[in-house]
Amino acid sequence: MVAAPGENMRVNGDRLWDSLMEMAKIGPGIAGGNNRQTLTDSDSEGRSLFRTWCDDAGMTLGVDKMGTMFATRPGTDPDALPVYVGSHLDTQPTGGKYDGVLGVLGALEVVRTMNDLGIKTKHPVVVTNWTNEEGARFAPAMLASGVFAGAHKLEYAYDRKDPEGKTFGEELKRIGWVGDEEVGARKMHAYFEYHIEQGPILEVENKQIGVVTHCQGLWWLEFTLTGREAHTGSTPMNMRVNAGLAMSRIMEMVQTVAMENQPGAVGGVGQVFFTPNSRNVLPGKVVFTVDIRSPDQAKLDGMRTRIEAEAPKICEALGVGCAIEAIGHFAPVTFDPTLVSRVRGAAERLGYSHMNLISGAGHDACWAAKVAPTTMVMCPCVGGLSHNEAEDISKEWATAGADVLFHAVVETAEIVA
């Protein structure tokens with residue numbers, strides 16, 4: 001039986017919080033959050049600070065060809081596979097200070113606490129910062145972990161373009177974070193990820209810890225609608241080929257499809273590009289992405305099939321061209337029961353209130369689960385708000401989740417007396 005750490009063993013919550021606030025100074029947003037998008041100069045600066053902290057904690061850093069950072073604290077058994085712990089440092093354009101960052105710096109705090117307490121483990125512990133989790137600049141999301149898990153080819157990832165036409169490969173090289181490790185060559189004993197919930201359930205239920213049992217599957221469907229540019233004032237209504245109108249009707253249809261698949265399904269549109277995007281010109285082209293999610297694979301695929309069948313009919317009725325490309329996907333995930341039990345046991349041992357959760361958002365853990373036993377720990381966020389500069393958590397919430405993470409990781413890495 002694997003020994004659990006004593007209930008008196010806790011992380012340094014003040015140190016974790018100070019690290020979060022220090023990282024938040026890099027790539028500040030305009031309303032109190034962060035704009036530290038992947039492969040920007042701010043991302044590079046955040047990576048450098050993280051590297052310094054890892055060096056100070058006595059870890060050895062490796063970087064793979066996707067720019068993912070792996071900081072290793074050695075174990076006592078040179079043949080034992082490492083326990084990986086991490087998340088991401090990149091943010092949305094108008095992101096908060098905690099989404100992803102809490103998971104990376106919470107993992108760093110696990111190692112710092114192990115150092116403080118003189119804990120030795122059989123398995124190494126590797127703190128991980130995955131590249132381009134958000135997908136805000138380069139779609140799809142969770143790109144580096146997807147390559148690691150074999151879901152994407154390295155060349156595919158390097159060819160992804162941002163809205164300005166810059167490629168992932170070019171930008172990774174430009175900021176100086178192309179590593180020499182082959183992506184996916186590392187083998188994992190287990191993977192843990194700590195994250196804010198990004199939803200309201202924990203706060204509403206007054207629970208400190210989310211024990212994540214599953215993660216929803218996702219499809220991102222990119223639509224390119226082709227109409228005809230025309231003057232908004234002088235073109236008769238019956239002579240318009242309005243790509244914007246087609247987009248609005250598709251968005252309404254997506255809402256209907258999601259509502260008719262309740263419970264356990266969501267759908268919506270968060271990004272739209274109009275061309276020429278002028279006040280008095282009907283758009284000749286509209287590009288937007290439909291995001292649908294469900295923990296039920298059959299329901300998820302059924303939603304996609306229906307949307308892809310109905311959208312062309314909507315466009316045809318308006319004389320608008322319609323092209324659809326699936327640019328992002330992962331299947332629903334069931335996390336490892338043993339690791340889930342360790343997270344739950346840690347929460348109980350430490351006296352933290354907890355409940356089971358299904359993650360509504362995608363995470364690098366979704367791809368890690370394809371190659372190793374995986375689970376997640378979550379803490380509440382105020383009002384369930386995320387992907388927003390007003391995203392907020394308390395130091396107490398952050399500390400409680402990091403305590404649970406510490407216990408579950410150390411138990412899995414196996415304490416050596």
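**A walk through the predicted model**

The end C-alpha atoms of residues 216-313 lie 29 Å apart, and this span is 35% helix and 35% strand, where helices (H or I, at least four residues) and strands (E, at least two) are DSSP runs numbered from the N terminus. In UniProt, an unreviewed entry lists residues 216-313 as "domain: Peptidase M20 dimerisation"; UniProt positions are given in the numbering used here, feature names are shortened, and annotations may be inferred rather than shown by experiment. The model is a predicted one, in which local features need pLDDT of at least 70 and side-chain atom pairs count only at pLDDT 80 or more, while totals for chains, interfaces and linings use all residues. Residues are numbered from 1 along each chain as its sequence is written, and side-chain values use heavy atoms, with hydrogens and water left out.

Confidence is expressed as pLDDT, the predictor's confidence in each residue, from 0 to 100. The protein chain has a mean pLDDT of 97, and 100% of its residues reach 70 or more. Within the protein chain, confidence is lowest in S13, with a mean of 93, and highest in strand S2 (residues 69-73), at 99.

S13 is also part of an open sheet of four strands, arranged in the order S10-S12-S8-S13 with antiparallel pairing; two strands are taken to pair if DSSP finds at least two bridges between them. Strand S10 (266-275) and strand S13 (321-330) stand at the edges with a single partner strand each, so one side of each is left without a neighbour in the sheet. From one strand to the next, the twist averages 15°, with axes being lines fitted to C-alpha atoms, for helices over the stretch in contact, and angles running from 0 to 180 degrees between N-to-C directions. Strand S8 (residues 217-226) and S13 run antiparallel and are joined by nine bridges, and Thr226 has Gly321 of S13 as its bridge partner.

Two helices accompany this sheet. Helix H8 (residues 243-259) packs on the sheet, where it touches S8, S10 and strand S12 (285-294), and its direction makes about 170° with that of S10; contact here means heavy atoms within 4.5 Å. Helix H9 (residues 297-318) lies across S8, S10, S12 and S13 and runs at about 5° to S8.

Another pairing involves strand S1 (residues 60-63) and S2, which pair in the antiparallel sense over four bridges, with Leu61 standing opposite Ala71 in S2. These two strands, S1 and S2, form a hairpin with five residues between them, and Gly67 in the turn has a positive phi of about 85°.

Which residues does UniProt mark as a "binding site"? The unreviewed entry places that feature at Asp99, Glu134 and His387. They span 289 residues in sequence, yet no two of their C-alpha atoms are more than 9.6 Å apart, so they gather at one spot. Asp99 lies in the loop between strand S3 (83-87) and helix H3 (101-117) and, at 4% relative accessibility, counts as buried, where buried means under 20% relative accessible area, exposed over 50%, and partly exposed in between (1.4 Å probe, protein chains only). Leaving aside its neighbours within four places in sequence, Asp99 is in contact with several residues, including His88, Asp90, Glu134, His195 and His387.

His387 is found in the loop between strand S16 (374-379) and helix H12 (395-413), and His387 is partly exposed, with a relative accessible area of 40%. Its phi is near 55°, a positive value in a residue other than glycine. Asn206 likewise has a positive phi near 55°, in the loop between helix H7 (201-205) and strand S7 (209-215), and is exposed at 65% relative accessible area.

The cysteines complete the account. The structure holds zero disulfides, a disulfide being counted as a pair of cysteine sulfur atoms within 2.5 Å. Cys366 is in no disulfide, and the nearest cysteine sulfur, that of Cys215, is 3.0 Å away. Cys366 is buried, with a relative accessible area of 1%, and Cys54 counts as buried at 1% relative accessibility.
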